Amino acid sequence: MKLGLLLRCEKKLAELEIKGITNDSRKVNKDYAFVNTCGKIEYDFDALDNGAAVVITSNDLQIENAIKVDNISEIFALMSAKWFSDPAKKLKLIGVTGTNGKTSVTYMLKAILEKAGKKVGLIGTNQNMIGNKVIPSINTTPNAYYLNELFYKMEQDDCEYVVMEVSSHSLEGGHIIGLQFEVGVFTNLTQDHLDFHGDMESYYTAKKKLFAQCKTAVLNADDQYFSRLYDEIDCKKVAYSVGGASDYIAKAVNCFATHTDYKLLTNDELLHIDVNTGGNFTVYNSLGAITAASQVGVPYSVSKEALADFDGVKGRAEVIPNTGDFTVIIDYAHTPDGLKNILKTFKSCAKERIILLFGCGGDRDKTKRSQMGEIASIYADYVIVTSDNPRTENPREIIDDIMKGIPNGLFGGKIIEDRYEAIKFALSIAQKDDIIILAGKGHEDYQIIGKEKHPFDEREIIKSLLG
């Protein structure tokens, strides 16, 4: 493809034949266009050494085959879309953003739309999907090139809808620039990713960007940021809540460990909703999904039927079958709010103890560690503090940060740094009707130690230890 079809540039460069686009200098091949979204000048020269026909950069290289631009993220997004012939314009996009619940809402939406007879693509944390075909996921929201490549594959496979998680990192990094969403869903906003954003104000501002690209916003009216977000965005707005005044209201809620039901009240209908996953968060997630589906014309009766058949999401309050007389739950809870929600949910229906096993990720927001320690000490009966994905940090130092949040005398539990040994110990002390919650890793089947991923699937570990 001629560079001039991808980017407005001087005539001589416009005639360059481009064989590929990348923003990773290590992946540059001969006659590629390299877009330096990182900004480091050495990457420009690495790309040229690897055979790039042109580099698009914010650096002033003053060489013939370099184009200096100011809006590098926007350029990369628009070039990527053009490379794949603007596939997103042929699809109906629904984006879900928020701290917690994004994955569950997207899976519920996929199930609802498929029950309505639509072919659906999914993009998110657990995996990407085209219909029932699974494509491994690297990031919650891929960079602009891989995102458009996914859209292209989905469009070629006759998908009509795409439901996708939209992370704050991707919004800040410009991954979705140029996309138009039929619906954007806001689940909630609680502390996370402050290592990246710096503070909650910046985190909120990043999330808000999605709704400048939406026809309709579906908002959780019970979240503390709801009123502000409602006032600050300009598209059509629809709200949902549990018990409060909004467009879609859940009443008569019953939450159990593996089951949730409630009455859905809308302007013109009262519907009984039954979902095969437990917890108050299931009410919010399903409400968000039903509300979003209604905005693209899906009847409530179809949503009701789809959610009754919904099997849940891997790593989200996932009940692991085992031969013991206790329950084992795996959940992705890795934020203070997420941990509090999962513990409160199962505390309310536990016959005996809640045994919590958790850690915190390394090279991430350190301020949440002590908060999670405090939450664990309040809501769990027995706490095992262990390692999560320590990355390049010392696991013991991460554990020490967690322990700072546990008031003196309130630590009923044990520190076991090795996560495998910690799981083994948790299973060994479990008694009849106890509930063991393994929090933090969820769908992940690996552990990151240093800069390497090591196989670590908690489901397989439980199976090997218990059968």
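**Reading the features**

A: In strand 11, A217 is the bridge partner of G184. This is a predicted model, in which local features need pLDDT of at least 70, side-chain atom pairs count only at pLDDT 80 or more, and totals for chains, interfaces and linings use all residues. Residues are numbered from 1 along each chain as its sequence is written, and side-chain values use heavy atoms, with hydrogens and water left out.

Q: Which strands pair with strand 10, and in what sense?

A: Strands (E, at least two residues) are DSSP runs numbered from the N terminus, and two of them pair if DSSP finds at least two bridges between them. Strand 10 runs parallel to strand 11 (residues 214-220), joined by five bridges. Five bridges, also in the parallel sense, link strand 10 to strand 5 (residues 92-97), where I94 has V183 as its partner.

Q: Why is strand 10 largely enclosed by the rest of the structure?

A: Buried means under 20% relative accessible area, exposed over 50%, and partly exposed in between (1.4 Å probe, protein chains only). Strand 10 (residues 181-186) is largely enclosed because five of its six residues are buried.

Q: How many disulfides does the structure hold?

A: A disulfide is a covalent bond between the sulfur atoms of two cysteines; the cut-off applied is a sulfur pair within 2.5 Å. The structure holds zero disulfides. For C349, the nearest cysteine sulfur, that of C255, is 8.8 Å away. C349 is partly exposed, because its relative accessible area is 25%.

Note on methods:
Helix = DSSP H or I, 4+ residues; strand = E, 2+ residues; numbered from the N terminus.
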